[in-house]
Amino acid sequence: MRKVDLAEALQRQLNARDAADSLVAAELMRAADLLNQTPDASGLPEDPVARELYVSLHSYRMYLLRQIRCSQELLWYQTESEGFLRSRNTFALAPALREFCAETELLTSGYAEMTTDDIPETLCAAIPPQRLSFVLLCLLTESLAQSPAYNALRFTVKEENGQIRITMCFSEGTASDKKTLPEPVWEPSQDAGLPASPVQIIRCFTETFNVRMLRQETDELHLYSLTIPAAERVAGSGRVESDRKPLPECPVSIYHAMLEAVIPAEDILLFDTRRL
């Protein structure tokens with residue numbers, strides 16, 4: 001079978017599975033809404049039994065949405081990456097990185113104190129910002145799963161000698177008001193056999209865009225570092241391409257869906273009720 005035929009077969013398979021998952025996710029959302037006829041001040045059901053079921057329905061819905069977006073992401077690498085690389089487009093990364101930091105700080109605020117250095121406005125690379133944001137979310141989720149006791153996150157971005165280095169460093173901080181993440185029932189390795197997993201997406205990202213990735217674990221910290229080839233901003237280029245495609249019939253952002261893999265669903269719902 002030709003490569004193009006394999007790609008088309010894969011696309012049909014993933015689209016069919018995503019369509020089925022989307023229908024289930026939509027039904028789960030409608031069922032959850034029926035349970036939330038009398039919400040309390042937090043926006044969740046007043047009745048404890050209804051609240052527990054409501055959160056459980058949302059948890060499974062976010063799992064399905066996580067799988068849908070992972071399959072969409074993997075499909076891009078398998079069907080569109082070659083054409084993208086030939087186009088030689090340049091993208092400004094600062095807006096997407098700032099959005100990543102803002103959403104991460106919001107949704108992890110009950111568990112980690114986040115410090116972010118200034119992000120240079122001039123950052124440009126031949127990488128679509130939505131690809132970078134998604135792989136950062138994969139790495140963030142992986143780190144939270146492996147280091148649930150760490151409650152300090154430092155995010156830094158530097159550009160030197162034609163390279164952009166993005167670092168996420170987790171450690172034990174001093175904030176006494178932060179909760180400890182529960183030991184996750186999810187871990188990155190369990191997704192390895194699925195049609196689309198964060199592990200596969202991280203690998204595709206580094207190989208496609210010639211990115212060097214460093215993982216460092218000690219007793220004091222857990223660090224991820226991505227080194228990306230920088231590109232020069234040319235007059236009229238350096239456009240920003242953000243992934244604004246909504247998840248199927250769902251106001252939940254991709255940040256909610258991905259981080260729910262490690263942060264309790266009820267906390268995810270409470271942290272950002274303005275979107276739900």
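In this chain, residues 24 or more positions apart account for 78% of the contacts with a separation of 6 or more, a contact meaning heavy atoms within 4.5 Å. The model is predicted, so local features need pLDDT of at least 70 and side-chain atom pairs count only at pLDDT 80 or more, whereas totals for chains, interfaces and linings use all residues. Residues are numbered from 1 along each chain as its sequence is written, and side-chain values use heavy atoms, with hydrogens and water left out.

**Overall make-up**

- The chain has 8 helices and 7 strands, which are DSSP runs numbered from the N terminus (helices H or I with at least four residues, strands E with at least two).
- Of the 276 residues in the chain, 49% are buried, where buried means under 20% relative accessible area, exposed means over 50%, and partly exposed lies in between (1.4 Å probe, protein chains only).
- The accessible surface of the chain is about 13700 Å², and 51% of this belongs to carbon and sulfur atoms; such areas come from the Shrake-Rupley method with a 1.4 Å probe, and for residues only the protein chains shown count as cover.

**Salt bridges**

- The structure holds 7 salt bridges, each being a side-chain nitrogen of Lys or Arg within 4 Å of a carboxyl oxygen of Asp or Glu.
- One of them joins Glu 266 to Arg 51, with the closest N and O atoms 2.8 Å apart; because Glu 266 lies in helix H8 (residues 265–271) and Arg 51 in helix H2 (residues 48–79), the pair ties together parts that are 215 residues apart in sequence.
- Glu 266 counts as partly exposed at 30% relative accessibility, while Arg 51, at 18%, counts as buried.
- Another salt bridge pairs Glu 73 with Arg 131, whose closest N and O atoms are 2.7 Å apart, and this pair links Glu 73 in helix H2 with Arg 131 in helix H5 (residues 129–146), 58 residues apart.
- Both Glu 73 and Arg 131 are buried.

**Aromatic residues**

- A search of the whole structure finds 10 aromatic pairs, in which rings of Phe, Tyr and Trp (its six-membered ring) have centres within 6.5 Å, and planes under 30 degrees apart count as stacked, over 60 as edge-to-face and the rest as tilted.
- One aromatic cluster is formed by Trp 76, Tyr 77, Phe 84, Phe 91, Phe 205 and Phe 209.
- The charged end of Arg 131 sits over the ring of Trp 76, 4.5 Å from its centre, a description that requires NZ of Lys or CZ of Arg within 6 Å of the ring centre and within 35 degrees of the ring normal.
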